[in-house]
Amino acid sequence: MSNTDFILAIEDLTVSFDGFKAVDKLNLYVDKNELRVVIGPNGAGKTTVLDLICGKTKSTSGSIKFKNKELTKLAEHEIVRAGVGRKFQTPSIYENLTVYQNLEVSYPRGRSVWGSLLFKRSDDVMARVYKVAEEILLKDLLDMEAALLSHGQKQWLEIGMLLMQEPELLMLDEPVAGMSAKERDQTAELLNRICQNRSVIVIEHDMEFVKKIAHKVTVLHQGKILAEGSMDKVQADEKVIEVYLGH
Amino acid sequence: MKTLSDKLLGGKQGVLGLALLALLIMVILPLGLDIFRLNLVGKYLTYAFVALSLVLLWGNGGILSLGQGMFFGLGGYCMAMFLKLEASDPISTKIQTTPGIPDFMDWNQLTALPWFWEPFKSLPFTILAILIVPTIFAYIIGFAMFKRRVGGVYFAIITQAIALILSILIVGQQGYTGGVNGITDLKTMLGWDIRTDSAKYILYYVNALLLFGCIFLSRYILTSKFGMLLLAMRDKEERVRFSGYDVSDFKIFTFCVAAMISAIGGAMFTLQVGFMSPSFVGIVPSIEMVIFAAVGGRMSLIGAVYGTLLVNYGKTVFSETYPELWLFLMGGLFIAVVMFFPDGLAGIYQKHARKIPFLKRWVAEEKQKQTDAHASHGKVGTKLGAEA
């Protein structure tokens, strides 16, 4: 595959679990500064695609290029260091640590054993933590143990932990699941803000939310792309209505 | 901002805990006990090194090793080999078939010193070996396990199996290791008789200082970003991995440090007790040491020392009166701690110390200072955010 201008270029990606092809010859391209939403019925392979990109699952064949760098052969932490951040479906934060510590631990310096032993809490680290905390609306809760946050705040905290790393590609798996209507609106604003200088891939079921954020929508079905384009175009698509949106 | 001394001492509460422990070990026990009993305490304190290593590894890292005895044993054997060679000079072993080699080798028809015993004639080499041999061993085990992402119960079982294999190997290779009796009749170190009362006092204090050294080392690790990552890994390993960290490297390092600390304890055991045997290597001692850490509180470095002292004191008292009941009691104690006091002695102390008025005020002041710091920096952060 030749080099492209896309931040992420997935070509002929296949993964098969005991003969079952969860992702089947998938081609997907994401532009710089694009916010892409991936939708589709349960079992369509949405989460599996994110797993493949971030290295949690190894592909059977095909290629994933991030800024023209092949990711399929890299270890998980190498993919992160290349600039890909991933948020999991259930909020995955360190419950025993404070909000401040959760963010600080995610700061991309001192990532080796010796680096972490000699890591210093310098002014730039603190400034960055406060800035991100403000962005994710947790500025006043820095000293709170993360376990005590509400479900929505935990989702934000995990997004904040990813922002600490300044990834060029951010992947969010159902970021508004379990959130109140107000929290959904705040999250939509947050996502619109943070995709100013990076690309974002979001998996989501909530169509109202998708409308608020999506630049472009990809519909997955049985590991293949069913439709792709603007929200309006996808919503009008006969096949999409058939398998996913319903009549 | 935390200074180095703050990190090592752990704030006001940490200083108080360390000072009390130092008072007990350095002043009260030596003044209150005769040398026989004090030597016994010294022996218990060598187990505290292992309990300490388990606080790092198990309490903070979530990695349960049921084979720490092997590192204690490796450190102890390295020291014993040096002392045994010094005790086996040609004059005092002249009745042997081959004078100049350790007595058990002679009994097993060995006629020359095995090659791997040779370098243990040197004390500097021995000290290096005590620190490095167990660490390399831990590195090999850790590399093989953690790079393959073996963890949890599987790791515990494998370490237990390796400890068993090692103890069987030592028993089986009688001619090279002294077999089931171990390495005994240790007398002098560079001509200094380690069996005298004065030597025992000195060794007790050396041991105590090394123990505090290891507490400081552990505390430095736990208060650094590394320590925060350990807690994070224990909680959500995947999240740490997908934040750009090679989780296995951190586990291997922790396992190696824990091995080294255990080995120092083993070497000090040999010096104070005067022998080393496979009964300190296998499964039973390894599990006992997990119990010491659990009783003390598996998150607390200082708690581990108290836990070790308390359980061993109990063992001495009860096994003198009801020898056959002791093991049941020990098992019961472990179950009780896990069920009712998961944070051990340290947890009980934390809960009740807060009620002492003067302590309460003292610690509260410090907490307030921290919160204030965040609040004022928060404002700075807001400004920065607004500018950017």
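Is Trp156(A) buried or exposed? Trp156(A) counts as buried, at 5% relative accessibility, where buried means under 20% relative accessible area, exposed over 50% and partly exposed in between, with a 1.4 Å probe and the protein chains only. Let's see what surrounds this residue, after a word on the model.

## About the model

This is a predicted model, in which local features need pLDDT of at least 70 and side-chain atom pairs count only at pLDDT 80 or more, while totals for chains, interfaces and linings use all residues. Residues are numbered from 1 along each chain as its sequence is written, chains are lettered from A and ligands numbered from 1 in the order in which they are written, and side-chain values use heavy atoms, with hydrogens and water left out.

Trp156(A) sits in helix 6 of chain A; helices (H or I, at least four residues) and strands (E, at least two) are DSSP runs, numbered from the N terminus. Beyond its neighbours within four places in sequence, Trp156(A) is in contact (heavy atoms within 4.5 Å) with Ile136(A), Leu137(A), Met179(A), Glu183(A), Gln186(A), Thr187(A) and Leu190(A). Ala133(A) is 23 residues away from Trp156(A) along the chain, with 9.4 Å between the C-alpha atoms.

Two glutamates are worth a look if you check backbone angles. Glu166(A), in the loop between helix 6 (151-164) and strand 7 (169-173) of chain A, has a positive phi of about 45 degrees although it is not a glycine. Glu174(A), in the loop between strand 7 and helix 7 (181-194) of chain A, also has a positive phi, near 50 degrees.

## Chain B as a whole

Chain B has 17 helices and two strands. Of its 388 residues, 52% are buried. Among contacts in chain B with a separation of 6 or more, 78% join residues 24 or more positions apart. Chain B exposes about 17,900 Å², with carbon and sulfur atoms supplying 70% of that area; accessible areas come from the Shrake-Rupley method with a 1.4 Å probe, and for residues only the protein chains shown count as cover.

Met189(B) belongs to strand 1 (residues 188-189) of chain B and counts as buried, at 18% relative accessibility. Phe82(B) is 107 residues from Met189(B) in sequence, yet their C-alpha atoms are 8.3 Å apart in space. With neighbours within four places in sequence left aside, the contacts of Met189(B) include Phe82(B), Leu83(B), Ile194(B) and Leu271(B).

Ile194(B) lies in the loop between strand 2 (192-193) and helix 9 (197-223) of chain B. Ile194(B) is buried, with a relative accessible area of 3%. Residues that Ile194(B) touches, not counting those up to four places away in sequence, include Leu83(B), Met189(B), Leu203(B) and Leu271(B). Gln272(B) is 78 residues from Ile194(B) in sequence and 7.5 Å from it in space, C-alpha to C-alpha.

## The second largest pocket

The second largest pocket has a volume of about 530 Å³. Of the 20 residues that line it, Leu74(B), Tyr77(B), Met81(B), Phe116(B) and Thr177(B) are the closest to its centre. Helix 4 (68-87), helix 6 (123-146), helix 7 (152-172) and helix 8 (174-177) of chain B each give the lining at least two residues. The lining has 18 nonpolar residues, two polar and no charged; Ala, Val, Leu, Ile, Met, Phe, Trp, Tyr, Cys and Pro count as nonpolar, Asp, Glu, Lys and Arg as charged, and the others, Gly among them, as polar.

For the method, a pocket is an open set of points on a 1 Å grid over the protein atoms alone, where a 1.4 Å probe fits, with protein on both sides within 12 Å along at least five of seven lines; lining residues have an atom within 4 Å of a point. Grid points are joined across faces, edges and corners, and a volume is the space filled by probe spheres set on the points.

## Where the chains meet

In the interface, 42 residues of chain A are in contact with 36 residues of chain B. The area buried between the two chains is about 3,500 Å², and carbon and sulfur atoms give 62% of it; buried area is the accessible area (1.4 Å probe) that two parts lose on being put together, summed over both. Tyr94(A), Leu117(A) and Tyr130(A) supply 18% of the area that chain A buries against chain B, more than any other three residues.

Gly244(B) counts as buried, at 0% relative accessibility. Not counting residues up to four places away in sequence, Gly244(B) touches His77(A), Val80(A), Arg81(A) and Arg111(A).
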